[in-house]
Amino acid sequence: MENLTAEQVEQARDYLSLFDKDGDFTVAIQDVPSILRSLGEQFTEAEMTNLIEQIQSENGYISFDEFLVFYNNCTRPVHAYRDMQLAFNELDRHKTGKIHSKVLRHFLVNLGEKITDEDVDTIFASIEISDSGEIEYSQIVELFSSF
C-alpha cells in the first residue's frame, strides 16, 4: 500500500465497518463512492463512475482487502496534486470536471503566483481544449503535477 499511510488504512477499515451491514467484511460497490468521500477523496462524478467501473465483482460486493487495494490505486500520492484538484473542484459548480479556458486564463494570470499570457498560451498549446473552450481540468492538474 505505497500510497496509503497506516493511519489511512485504519481510517478506511473504520469507515468500511460502518457500511458492512452483515459483518462479513464486505461492502456493496454502490457504497464505495460514499466511503471514498468520507475518506476525503474528491472525485468528479465522471471520475467516480470510471473508478467504480474498474471494480471486478460478481455479486456487487467488495471485500475489505480488495477495497484497500482499490483505495491505494486510486489515491494520489502527491498532496500538491490533491490540493490542486480540490481547488478546481471548488470552481466546478456543476461537477463536470471541466473549466472554461477564459476562466482558467483569468485565474492563472491574475491570482496567486501570476504568470504571463504567453505562459498560459504555452500551457494551452499542450492540452486539449474543446470547440466550446472547455478544458478537462484533470489535464491541467496532471500537467502541473509533472513539474
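This is a predicted model: local features need pLDDT of at least 70, side-chain atom pairs count only at pLDDT 80 or more; totals for chains, interfaces and linings use all residues.
Let's start with a pair of helices. H6 covers residues 101-110 and H7 covers residues 117-125, and the two pack at an angle of about 135°, with their axes 10 Å apart. That makes H6 and H7 oblique to each other, and their crossing is right-handed. Which residues in H6 and H7 meet? From H6 come Ser 101, Leu 104, Arg 105, Leu 108 and Val 109, and across from them H7 brings Asp 117, Val 120, Asp 121 and Phe 124. Sorted by class, this contact has 5 nonpolar, 1 polar and 3 charged residues.

Now hop over to helix H1, residues 6-19, where you'll find Gln 8. Is Gln 8 buried or exposed? Its relative accessible area is 16%, and buried means under 20%, so Gln 8 is buried. The side chain of Gln 8 also reaches back to the backbone nitrogen of Thr 5, at 2.8 Å.

Our last stop is Thr 26, which sits in strand S1, residues 26-28. With 18% relative accessibility, Thr 26 counts as buried too. Its side chain makes a polar contact with the side chain of Asp 24, at 2.6 Å. And what does Thr 26 touch, leaving aside residues up to four places away in sequence? The list is Asp 20, Tyr 61, Ile 62, Ser 63 and Phe 64.

Technical notes:
Residues are numbered from 1 along each chain as its sequence is written. Side-chain values use heavy atoms; hydrogens and water are left out. Helices (H or I, at least four residues) and strands (E, at least two) are DSSP runs, numbered from the N terminus. Buried means under 20% relative accessible area, exposed over 50%, partly exposed in between (1.4 Å probe, protein chains only). A polar contact is a pair of N or O atoms within 3.5 Å; within protein, one must be able to donate a hydrogen and the other to accept it, and residues adjacent in sequence count only if both atoms are side-chain atoms. Contact means heavy atoms within 4.5 Å. Axes are lines fitted to C-alpha atoms, for helices over the stretch in contact, and angles run from 0 to 180 degrees between N-to-C directions. Angles under 35 degrees count as roughly parallel, over 145 as roughly antiparallel, 65 to 115 as roughly perpendicular and the rest as oblique. A crossing is left-handed if the near helix is turned anticlockwise from the far one by less than a right angle, and right-handed if clockwise. Ala, Val, Leu, Ile, Met, Phe, Trp, Tyr, Cys and Pro count as nonpolar, Asp, Glu, Lys and Arg as charged, and the others, Gly among them, as polar.
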